[in-house]
Amino acid sequence: MIGFTKDRTTIAVVGAQWGDEGKGKIADILARDAHIVARGTGGSNAGHTIIHEGTAHVLHQLPCGILYPNTLSVIGRGAAVNPLALTREINAATDAGMSCHGLRISNHARLVTPIEILIDRITEAEGSAIGTTGRGIGPTYTAHVERRGLFVNDTLNKEELKKKLQHSVEAVMPFLRAFHPGTTRRILGADDMEKGAFYKDPDSIFNIDAIIDVYREFARRFRERIVNTDRLIQSNVGKQKILLEGSQGILLSIEHGTYPFVTSSDSTLPGLAEGVGIQSRDVDHTYVVAKAPYMTRVGDGPFPTELGGKTSAQWCKNNTKEREIEEYPEPDINSDEMFERGVAIRRLGNEYGSTTKRLRRIGWLDIPLLHHALTCGGGFQSGRASIILTKLDMGDTMDDVRLCIAYHYAGKKGYAIGSSRLLPGKRMCVAPMDQYALANSTPLYRECRGWKCSLRGITSANDLPRALLEYIAAIQEYAGDDVKIDAISVGPRGHETIAL
Ligand code: IMP
């Protein structure tokens with residue numbers, strides 16, 4: 001069953017897809033027994049929904065350890081910290097009765113400033129959009145690589161903060177001046193940007209003093225919690241129960257995801273471990289979480305198994321949940337139209353972004369991509385990782401479910417991937433991590449029969465319907481034997497999890 005043991009004191013939870021796999025619930029099950037819960041990648045772009053004691057909590061930057069008063073919750077060095085959004089989240093958590101006493105923030109975490117948020121939003125609005133969450137995450141990591149980034153530590157030192165902000169503003173000004181001043185002003189006037197307080201005038205754009213005031217207030221309030229978290233984690237490996245809580249999913253990793261439609265941190269296990277100051281070999285066990293029978297993606301990018309293909313991608317980009325409910329009051333989950341099935345699954349699974357409220361695109365579980373997630377970056381070692389399939393109960397009323405077992409290449413003849421040349425019709429069992437090739441891959445499906453019964457309330461694998469066991473066995477067969485499917489989740493609550 002899912003949990004810590006004598007030999008498994010450091011455990012990681014990572015998503016195998018494009019985020020939103022239901023990691024929050026799995027992390028929460030483990031957090032109950034953990035001494036430390038740490039996040040090491042991403043920032044307020046993430047959104048974990050956790051049902052805790054009957055109440056749903058959506059956490060963004062805060063680790064789920066926050067739900068447990070005696071647990072240390074660490075925001076690690078590799079994370080991107082937005083002080084304003086974090087303060088709001090902490091206030092909301094405190095109002096909901098949680099204690100933030102155990103919160104520790106790395107002094108070395110990357111600092112998100114209004115400069116990066118503006119760059120993110122202006123690029124999405126008028127530049128090369130990929131459908132980001134608009135939380136300034138990409139530009140924050142970019143600033144770091146360009147050696148002009150700020151750290152949380154800078155909020156503690158007023159002079160340094162001012163100097164670095166000025167330097168950063170100077171560096172990005174030529175880029176920002178290319179946009180209409182009205183756009184800049186509008187974006188900086190948003191509610192979550194202190195309603196325009198950070199805007200000065202069309203020439204200087206930023207009111208640096210106002211940014212300093214707000215960031216210094218954060219430092220004053222949380223000074224005691226800003227520490228060297230690398231050391232904190234390193235000194236407790238093997239001694240305390242440590243949970244590493246992944247953000248996003250492997251397919252959104254800047255290193256191993258479906259580039260360029262990815263986030264800007266490395267959401268694989270090595271990225272997560274590095275982000276909290278340790279290495280993957282320090283992690284005793286990893287739970288790799290994947291949704292089935294369908295998976296989702298928010299934002300742009302190739303999605304070979306998407307139900308309704310391009311029509312779905314367009315629909316999700318241009319519509320809201322309210323509009324969808326109006327247009328499709330009662331979508332049929334067994335419709336002949338795959339697009340309509342996708343709408344029905346989205347409604348049933350409440351697949352609307354917890355951070356941005358966007359419609360999540362729906363597609364069948366894709367084994368070539370799962371294969372990639374399990375093997376990229378050195379892969380997971382047999383016995384040190386297992387798969388948890390989530391949301392299987394969403395398939396309860398489906399007459400049949402499709403499982404994508406391979407692709408046929410459908411692009412131009414001779415497209416090169418390294419030394420190989422792709423020919424139309426070529427069968428691929430592992431997804432090509434190349435934008436063109438992936439966008440030109442058509443899925444080959446195995447049809448599986450639906451189980452047509454409610455999984456809710458089942459607590460033992462012995463009681464699972466045969467059709468479901470056949471479906472799970474097919475996933476295991478095609479995904480390979482190295483990493484076993486350990487458990488399935490059949491509802492949002494912790495106890496609705498069945499060990500296999
Ligand atoms: P960014 O992380 O805001 O830069 O967005 C880059 C891509 O990652 C976009 O397609 C986002 O929709 C996606 N993304 C970022 N965070 C999450 C998440 O927590 N769940 C799902 N998608 C995400």
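1. In this predicted model, Asp28 and Arg32 form a salt bridge, with 3.5 Å between their closest N and O atoms.

2. Asp209 counts as partly exposed, at 45% relative accessibility. Lys162 is likewise partly exposed, its relative accessible area being 31%.

3. Glu351 and Lys391 form a further salt bridge, in which the closest N and O atoms are 2.9 Å apart. Here too the pair links distant parts of the chain, 40 residues apart: Glu351 lies in the loop between helix H12 (338–348) and strand E13 (361–364), and Lys391 in the loop between strand E14 (385–390) and strand E15 (400–409). Glu351 counts as buried, with 0% relative accessibility. Lys391, with a relative accessible area of 24%, is partly exposed. Both residues take part in a network of salt bridges that links Asp20, Lys291, Glu351, Arg360 and Lys391.

4. The domain assignment deserves a remark. The protein chain is divided into domain 1 (111–222) and domain 2 (306–364). Between the C-alpha centres of domain 1 and domain 2 there is a separation of 34 Å.

5. Which residues of helix H4 (residues 137–145) are buried? They are Ile137, Gly138, Pro139, Thr140, Tyr141 and Ala143. The elements that cover these buried residues of H4 include strand E6 (80–81), strand E8 (110–111) and helix H3 (114–126). Just after H4, the backbone at Arg147 adopts a positive phi of about 65 degrees.

6. The loop between H4 and H5 contains Thr155. This residue counts as buried, at 0% relative accessibility. Leaving aside residues up to four places away in sequence, Thr155 touches Leu111, Leu161, Tyr215, Arg216, Phe218, Ala219 and Ile226.

7. The strands E18, E15 and E19 deserve a point of their own. They form an open sheet of 3 strands in the order E18-E15-E19, with antiparallel pairing. Strand E18 (427–428) and strand E19 (441–449) are the edge strands, each pairing on one side only. Strands of a sheet pair through backbone hydrogen bonds, in either a parallel or an antiparallel arrangement. The antiparallel pairing of E15 with E19 extends over 9 bridges. Within the sheet, Tyr407 stands opposite Pro443 in E19.

8. Which helix lies across E15 and E18? Helix H13 (residues 367–375) does so, running at about 75 degrees to E15.

9. Ala92 is partly exposed, with a relative accessible area of 44%. The C-alpha atom of Ala92 is separated by 29 Å from that of Lys162, and the two residues are 70 residues apart along the chain.

10. How many disulfides does a search of the whole structure find? The search finds 0 disulfides. A disulfide is a covalent bond between the sulfur atoms of two cysteines. The cut-off applied is that the two sulfur atoms lie within 2.5 Å. For Cys316, the closest cysteine sulfur is that of Cys404, at 19 Å, so the distance is too far for a bond. For Cys376, the closest cysteine sulfur belongs to Cys429, and the separation of 17 Å is again too far for a bond. Cys316 counts as buried, at 5% relative accessibility, and Cys376 counts as buried at 14%.

Terms used:
Residues numbered from 1 in each chain as written. Predicted model: local features only at pLDDT ≥ 70, side-chain atom pairs only at ≥ 80, totals over all residues. Heavy atoms only, no water. Salt bridge = Lys/Arg side-chain N within 4 Å of Asp/Glu carboxyl O. Buried < 20%, exposed > 50% of the residue type's maximum accessible area, 1.4 Å probe, protein only. Helix = DSSP H or I, 4+ residues; strand = E, 2+ residues; numbered from the N terminus. Domains from an automatic or database assignment. Contact = heavy atoms within 4.5 Å. Pairing = 2+ DSSP bridges. Axes fitted to C-alpha atoms, helices over the stretch in contact; angles between N-to-C directions.
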